[in-house]
Amino acid sequence: MSDAVKSYDVVVIGAGPAGSAAARQARRLGLSVAVIDKAVFPRVKLCGALLSGRGHKAMKRVFGLEPDHEHFLYSRQVAFKWDGEELVRFTAPYDLTYTYRLDLDHRLLNEAIAAGADDFQGVRVQRIDDAARRLELSTGEVLAYGVLIGADGAASPVARHLFGAAFDDDKIGFAFETEAPVPCEDEALMSIDFRIVHWGYGWNFPKKQSQTIGLGAIKGVDQDLKARMARYLKLEGADPDAVKIKGAHIPLGDYKPVPGRGAILLAGDAAGYVDPLTGEGLAYAMETGAEAAEAAAEALKAGAPETALDVYRPRIRYVEHELDKAKRLRQYAFSSTLSGLFREKLTHSQTMRQAFFDLLHGEATYDDIEKRVSKEILAKISRTMTGWPSRLAGKLRRKGARG
Ligand SMILES: Cc1cc2nc3c(=O)[nH]c(=O)nc-3n(C[C@H](O)[C@H](O)[C@H](O)COP(=O)(O)OP(=O)(O)OC[C@H]3O[C@@H](n4cnc5c(N)ncnc54)[C@H](O)[C@@H]3O)c2cc1C
């Protein structure tokens, strides 16, 4: 490694919502911070970019940014679908807001930089030396850190460095998405199709310059996602041959049991913090990025950066708790045994709709939702269920026995 070393209290790898939140919060706590991203912003990131009410709360708390009509399309109009058939159309109890990650992530990163984070865009990390707490960049520069925060997304190189792999190929989700060139206005209809794929769903979100149409599901479930995407696009009125379809991994319930090691912390998708039922990850990314910065500050203040993970773990237990509950409840939404009941509730149950939007708005937790779900359903979701599709659960058990 070269001799010219820059030292920071915190180095953040990845400048998505988790990384920018970590950097912004670290600056608020008076720490010196460098934020590194291989991309130069504004950069494209595949995402429905429905920023939930919970996401807006995190964005306000961490970045001081309010929801606004310049950057978001607002609508409360929702349709629930079932394999192309519209089950119900209604007005949601809260505003739903849709944006583009190209814009959102750039704004968040600019906030972190304006707050004094040193900006390393267009730079990759070549090597991490845990013992020396240093890393070498593709530019040849060497950065020393007190605490390192890996906020480098679902394929996290930091997670690979720590654990040998960023995710389990059976449990990760995979999604296809496209921007259909249909500009939308406020109060345009959004739709979710709960049976266009197995163990996942499809979405058609209105945006100012397009409709974002996509579907995602657990990758380990045997189905031809590409063919399903083509079919879904046709059902949604888009020509699969005329649009550019891209694919990306999305964590769906397989968060890291230990999100880091010593002075290295993982936040956002790098740790697997995405709701396995709704696919929402933006709020968790900002929340856990900020928590990682808080943990770093506390460990550094105690003069013990290597204890950062011990400080971080209890701070993010509420996220793990939520994801565990969501994973159990998705059995109800996605398993074929309960599909009739789920379809019937989607169509007729005001309580379930209210619960879904309360959750997205950050007005309810999965604990609250579980209390509201009827005894009839709870009786059917046995505690012995794993939260994974049954064939995949069998495979995972066999894999576990071998490993
Ligand atoms: C198709 C799809 C649709 C989605 N829709 C929604 C939605 O509507 N609402 C919602 O809330 N969530 C949605 N999600 C989830 C959401 O996109 C993620 O949870 C969110 O992006 C997580 O943010 P993050 O900062 O952890 O990671 P990311 O946003 O992935 O940011 C990681 C950053 O790390 C950088 N990076 C990676 N490797 C390196 C490296 N070696 N060196 C330096 N930098 C690196 C990347 O360039 C990137 O900028 C969706 C996901 C997908 C795939």
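In which loop is the place of A49? A49 lies in the loop between β2 and β3, in a model that is predicted.

**Backbone geometry**

A49 has a positive phi of about 55° although it is not a glycine. Because 22 C-beta neighbours lie inside 10 Å, A49 counts as buried. The loop between β2 and β3 (50–51) also holds P42, and the peptide bond that joins F41 and P42 is cis, with omega about 0°.

E187 is likewise not a glycine, and its phi is positive, at about 70°. This residue is placed in the loop between β10 and β11 (190–193). E187 is exposed, because 12 other C-beta atoms are within 10 Å. The phi values of these residues are set out below.

| Residue | Backbone angle |
|---|---|
| A49 | phi about 55° |
| E187 | phi about 70° |

**Domains**

The domain assignment divides the protein chain into domain 1 (5–62 + 101–168 + 253–320), domain 2 (67–98 + 170–249) and domain 3 (321–402). The C-alpha centres of domain 1 and domain 3 are separated by 29 Å. In the contact between these domains, 16 residues of domain 1 meet 13 residues of domain 3. On the side of domain 1 that touches domain 3, the elements giving two or more residues are α2 (53–63) and α8 (317–334). Helix α8 provides the largest share of that side, four residues. By residue class, the side of domain 1 that touches domain 3 holds six nonpolar, four polar and six charged residues.

**Surroundings of the ligand**

The ligand is surrounded by 39 residues, of which the closest are G14, G16, G48, G268 and G281. Two or more residues of this shell come from each of α1, β2 (33–37), β10 (173–180), β13 (211–218), β14 (246–250) and α6. The largest share, three residues, is that of α1. The shell contains 20 nonpolar, eleven polar and eight charged residues. Domain 1 and domain 2 each give at least three residues to the shell around the ligand.

**Packing of α1 and α6**

Helix α1 (residues 17–28) packs against helix α6 (residues 282–301) at an angle of about 35°, and their axes are 7 Å apart. The crossing of α1 and α6 is right-handed. On α1, the contact is made by P17, A18, G19, A21, A22, Q25 and A26. The residues of α6 in this contact include L282, M286, G289, A293, E294 and A297. Across the contact of α1 with α6, 13 residues are nonpolar, four are polar and one is charged.

Key: Residues are numbered from 1 along each chain as its sequence is written. This is a predicted model: local features need pLDDT of at least 70, side-chain atom pairs count only at pLDDT 80 or more; totals for chains, interfaces and linings use all residues. Axes are lines fitted to C-alpha atoms, for helices over the stretch in contact, and angles run from 0 to 180 degrees between N-to-C directions. A crossing is left-handed if the near helix is turned anticlockwise from the far one by less than a right angle, and right-handed if clockwise. Two residues are in contact if their C-beta atoms, placed from the backbone, lie within 7 Å. Ala, Val, Leu, Ile, Met, Phe, Trp, Tyr, Cys and Pro count as nonpolar, Asp, Glu, Lys and Arg as charged, and the others, Gly among them, as polar. Domain bounds come from an automatic or database domain assignment. A residue is near a molecule or strand if its C-beta atom, placed from the backbone, lies within 6 Å of it. A residue is buried if 20 or more other C-beta atoms lie within 10 Å of its own, exposed if 12 or fewer, and partly exposed in between; C-beta atoms are placed from the backbone.
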